[in-house]
Amino acid sequence: MTSPSRSKAWQKLASHYLNLHQNGTTIASLFKADKSRFDQLQCQLDGLLFDYSKNLVTGDTLARLRDLADEAGLRDAIAAMYRGDKINTTEERPALHVALRTPLKDADPAFNAAVNKTLAQMEAFADKVHSGAWTGYTGQAIDTIINIGIGGSDLGPAMVTAALQHWQLPGIRTFFVSNVDPAHMRMTLSNASPETTLFIIASKSFSTLETHQNAALARRWYLDNGGDEKQVSKHFVAVSANVPRAREFGIAEENIFPLWDWVGGRYSLWSAIGLPIALSVGMKQFRALLAGARIADEHFRDAPFEKNIPVIMGLLSVWYGGFVGATSQVVLPYSQELHLFPAFLQQLDMESLGKSVEVDGNRLLVPSGLVIWGSAGTNGQHSFHQLLHQGTHYIPADFIGIVNSHFEADTDQHHHLLANCFSQSQALMWGKSQRQAFNELLAQGMAEAPAYALSKHKVIPGNKPSNTFLLDSLNPQTLGTLIALYEHKVFVESVIWHINAFDQWGVELGKQLGEKLYGALKADTACDSFDASTNGLINHCRGHE
C-alpha cells in the first residue's frame, strides 16, 4: 500500500482535474460528445443496475483512478482480506465479515465452521419461536421481539428488518431499542406484554453502557409486571462474546449466540446480530440476504476493476473528496422501505473512514471520507434538495430506485416515484441557465425588466454528479447485494487513503469520558474536576434535579 500524499498517480490526478476545470468540462458536455456514454458507464449484477454515467469523469479520469488503485495495492489488499490476514492492524485482527456469507477457500477452516454452526443455532431457535414451541413464562407464544443494542448491533438489523417488511411473518412484531434515554425503552415497552415478549441483548462485551442500561430496565419491567425470576431465560437471549456475563444476567448458555473479534460491529448484521431479522422474516429470507451479499463478494473479488462496482464507487468517492472538493455525499433511496439505509451507511462509512492517521502511524495529509446523509424518496425534494440544486456546496448523490413495487395496484403512483428519482438526477446534471429562465418567464407573459431580474434567482448551476442504483425489485437477495457493495466500496476507499477501516478509537474515547462524568453527576459535592464548561453543565443539572 502507498500513502496517497506520496503517490505519483495522485499527483497526475490533481493535474488532470485542473485541466478538466480549466477546459470547462461538464457532465452535460460529456453526454453531448458521446451518445454511448450510458452504455459504457454502467454495470449490471444479478437484478441490480449501477449507472455512473452522470459523473464528472472521462475515460482518462477513470483510467488514472485505476492507476491510483494499483499504486495503492488494492488487488493485494482485497486478496489479503479474503485470506483472513490481520488487516485490522491496530487490533491485530482479520476483518472477515465476508466469511459470514461466502465460504473462504484460503482462510482458516475454523471461520467457515463457526459460521455454519451459528446459522444452524439461529435456525433452530427461530423455528421454535415461529412454531410456538418457545413460550413465555405463562405458556403463551412469543409475539413481540425487542432487540437491545446500539451501533452495529442496532442499525444493521433495524435497517434490514424495515426494508424487508413485505416478508414480515404474521404474529410477530419487532422493535429496536438503542438510545440510553429511558424514553426509548419505555415507549417501546408500552406496546408490549411481558408474557409474550422476547428480548435479544446484542452486545459483544455484554457491558456496552447503553445496552447494559436498557437490558437492566427491560429486566426490571419484566419482573415488575408479573415476570418470574426463575424463568428469565424464556424472555431473554443474547448475542455476545462474553458468556459469563450473559449467564449472570439469567440467560441460558444454549441461548447465547456467538460473536467473534474478526467481525466488526458495523459489518455484523450477517452474523447472529441478524437474529432479529431471522425472527422477523424467517431464516429462509435471512439466507437469501446472505446469498445476495455473496454475489457482491464474488463480484468484488473477481471482476476486473473497470467493471467492478465497489471499486468504481470507491474511486469516485476518492475523486470527489480528494480532488473536486466535496465534503459530503447524499444517499437518496426512492423507497420508503429503505428509509433507514442512509443512517446505516453513516456508521458504515463514517466510522470506517473517519481517520486522520495512516496505517503506518503517519499523519494523513489528504482529506479522507465524506459526511454521509440523506432520507427516503420525495421527502427530501421538499426540504434539502434546494441546497443540492442551488447551494454553494458540491455534493455527489447516490440515487436508489426500485423498478417493480410490491404493490401492483399502485403501479401508476410508483411510476411517479421513479419519475421523481430520474428527474432529480437529471436536474442535478443539467441545471438551468439564466437565459433559459429568462425565456421561460417571457413565455409566461412577464415583461423583460422584471423577467431579467427574477431570472437570476432561477439559475440552477447543474454539473452536480450522481450515481443511480436500480434494483429490479427490493427483496432479500438484492438488498444483500446492495449492502455488501457499499461495504466493499468503503474498503476500497480505506486502501486508497492508506487507513485502517476496521478500528474506531474515537468511539472509545467518548465511552471513557462518559464514565468519569457519570460519577461527577452522581457525586454529593460540586464538580470542579473538568473544564469550566463541563463543570458548569454538571453543576447546573445537579442544582435542578
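These legends go with a handful of close-up views of a predicted model. Local features need pLDDT of at least 70 and side-chain atom pairs pLDDT 80 or more, while totals for chains, interfaces and linings use all residues. Residues are numbered from 1 along each chain as its sequence is written, and side-chain values use heavy atoms, with hydrogens and water left out.

**View 1. The largest cavity sits against α4 and α13.** A search of the whole structure turns up six cavities of 30 Å³ or more; a cavity is a set of points on a 1 Å grid where a 1.4 Å probe fits but cannot get out, and lining residues have an atom within 4 Å of a point. The largest comes to about 60 Å³, a volume being the space filled by probe spheres set on the points. Its lining is Tyr52, Leu62, Leu65, Arg66, Phe305, Glu306, Ile312 and Leu315. Helix α4 (59–72) and α13 (309–324) each give two or more of these, with α4 giving the most, three residues. Helices here are DSSP runs of H or I, at least four residues, and strands are runs of E, at least two.

**View 2. The second largest cavity has a volume of about 50 Å³.** Among its lining residues are Asn55, Tyr320, Gln329, Asp398 and Asn467. The elements giving two or more residues are α13, β10 (397–404) and β11 (466–473), and α13 has the largest share, three residues.

**View 3. Phe50 and Phe469 make a tilted pair.** Here's one of 25 aromatic pairs in the structure: rings of Phe, Tyr and Trp (its six-membered ring) pair if their centres lie within 6.5 Å, and planes under 30 degrees apart are stacked, over 60 edge-to-face, the rest tilted. The centres are 4.9 Å apart and the planes at 35 degrees. Phe50 is in β2 (48–51) and Phe469 in β11, so the pair ties together parts 419 residues apart in sequence. Phe50 is buried at 0% relative accessibility (buried means under 20% relative accessible area with a 1.4 Å probe, protein chains only), and Phe469 is buried at 0% too.

View 4. Tyr137 comes from the loop between α6 (109–131) and β3 (144–148), Tyr222 from helix α9 (209–224). Both belong to one aromatic cluster, which also includes Phe199, Phe206, Trp221, Phe236 and Phe249.

**View 5. Arg101 lies over the face of Trp270.** The distance to the ring centre is 4.6 Å; for arginine, a charge sits over a ring if CZ is within 6 Å of the centre and within 35 degrees of the ring normal. Arg219 lies over the face of Phe249, at 5.4 Å.

How values were computed: On a 1 Å grid over the protein atoms alone, a cavity is a set of points where a 1.4 Å probe fits but cannot get out, and a pocket is an open set with protein on both sides within 12 Å along at least five of seven lines; lining residues have an atom within 4 Å of a point. Buried means under 20% relative accessible area, exposed over 50%, partly exposed in between (1.4 Å probe, protein chains only).
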